[in-house]
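Please keep the sequence and structure in view while reading.

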Amino acid sequence: MRLFTAATVITLLAAPAGADEISDTLEAALEAYRAGDIALAKEELDYAGQLLSQLKAQGLTGFLPAPLDGWEKSEPSTQAAGAAMFGGGLLAEATYSNGASEIGLRLMADNPMVVAMGTAFGNAALMGAMGEVRRINRQKLIVTPEGDVQALINGRVMVQIEGDGSTEDKLSYFEALDIEGLKSF
């Protein structure tokens, strides 16, 4: 009897207390599939995919750096697949302000705009036409004529740093990025 009780307790402890929305949605998709409702199964899978993308986009916010001394950082915002004006994919951004200046830092991953920019970032002549080419922490970047900073990390994460802050401040924010972490994101 003690073995049965111990096994039951271990099983109950190992089971999740409550399924999350992603698990529930995947289960609903499987149930719909088994019932022959292919349309509902696909709808549930699409929804689960959206939830997973949102979760991944939230992970992207972890790469937004802490504010520089004397600056404040807004609450980061994210979008996943719904970032239509940027071609879909993942988006995380925050605004940094020091009272006199404001800088926006945007990270975009896995979207057509980033893929298209890969061609420009892979060609030295095109990069030069976009602005001044620099290298920080072994990463090539472009400083536009307006003083904004753009970079493509590992061919799939676009970094854009814009605003009315100084170019030096924008470059400092770029230096604060976890480039190696973004490469493996």
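## Overview and confidence

The chain holds seven helices and eight strands. The model is predicted. Average pLDDT over the chain is 83, and 85% of the residues score at least 70. Residues 1-18 fall below 50 in pLDDT. Beyond near neighbours in sequence, that stretch has zero contacts in the model.

The chain has 185 residues, and 36% of them count as buried. It exposes about 10600 Å². Carbon and sulfur atoms supply 55% of that area. Among contacts with a separation of 6 or more, 50% come from residues 24 or more positions apart.

## Strands around β3

Strand β3 pairs with β1, β2 and β4. β1 and β3 run antiparallel and are joined by two bridges. In this pairing Lys73 stands opposite Tyr96 of β3. β2 (residues 77-80) also runs antiparallel to β3, with four bridges between them. Here Ala80 faces Leu90 of β3.

With β4 (residues 102-109), β3 pairs in the antiparallel sense over eight bridges. Tyr96 has Ile103 as its bridge partner in β4. The two strands form a hairpin with four residues between them. Gly99 in this hairpin takes a positive phi near 95°.

## Strands around β7

β6 and β7 run antiparallel, joined by two bridges. Val143 stands opposite Val149 in β7. The hairpin of β6 and β7 has five residues between the strands. Gly147 in its turn has a positive phi of about 90°. Thr144 sits in the loop between β6 and β7. Is Thr144 buried or exposed? Its relative accessibility is 10%, so Thr144 counts as buried. Leaving out residues up to four places away in sequence, Thr144 touches Met130, Gly131 and Gln150.

β7 also runs antiparallel to β8, and five bridges join them. Val149 has Ile161 as its bridge partner in β8. This hairpin has three residues between the strands, and Asn154 in the turn shows a positive phi of about 55°. β7 is mostly covered, with five of its five residues buried. In a regular strand, side chains alternate between the two faces of the sheet. Both faces of β7 are covered. Val149, Ala151 and Ile153 are buried on one side, and Gln150 and Leu152 are buried on the other.

## Nonpolar cores

Which residues touch the most other members of the largest nonpolar core? They are Leu60, Leu107 and Phe174, out of 30 residues. The elements that give two or more residues to this core are α3, β3, β4, β6 (139-143), β7 (149-153), β8 (157-163), α6 and α7 (179-183).

Setting aside neighbours within four places in sequence, its contacts include Leu60, Phe63, Leu64, Leu90, Leu91 and Ala92. Met158, Val159, Leu177 and Leu182 are also in contact with Leu107. A second, separate core has nine residues, among them Met108, Val114, Phe121 and Met127.

## Aromatic cluster

How many aromatic pairs are there, counting ring centres within 6.5 Å? The count comes to three. In one of them, the ring centres of Trp71 and Tyr173 are 5.7 Å apart. Their planes meet at 85°, so the pair is edge-to-face. Trp71 lies in the loop between α3 (38-60) and β1 (72-73), while Tyr173 lies in helix α6 (residues 167-176), so the pair ties together parts that are 102 residues apart in sequence. Trp71 and Tyr173 are both buried.

Tyr173 also pairs with Tyr96. This pair is tilted, at 4.3 Å centre to centre with 40° between the planes. Tyr96 is in strand β3 (residues 90-97) and Tyr173 is in helix α6, so this pair links parts that are 77 residues apart in sequence. Tyr96 is buried, as is Tyr173. Trp71, Tyr96 and Tyr173 form one aromatic cluster.

Methods: Residues are numbered from 1 along each chain as its sequence is written. This is a predicted model: local features need pLDDT of at least 70, side-chain atom pairs count only at pLDDT 80 or more; totals for chains, interfaces and linings use all residues. Side-chain values use heavy atoms; hydrogens and water are left out. Rings of Phe, Tyr and Trp (its six-membered ring) pair if their centres lie within 6.5 Å; planes under 30 degrees apart count as stacked, over 60 as edge-to-face and the rest as tilted. Buried means under 20% relative accessible area, exposed over 50%, partly exposed in between (1.4 Å probe, protein chains only). Two strands pair if DSSP finds at least two bridges between them. pLDDT is the predictor's confidence in each residue, from 0 to 100. Contact means heavy atoms within 4.5 Å. A nonpolar core is a set of buried Ala, Val, Leu, Ile, Met, Phe, Trp, Tyr and Cys residues joined through side-chain atoms within 4.5 Å. Accessible areas come from the Shrake-Rupley method with a 1.4 Å probe; for residues, only the protein chains shown count as cover.
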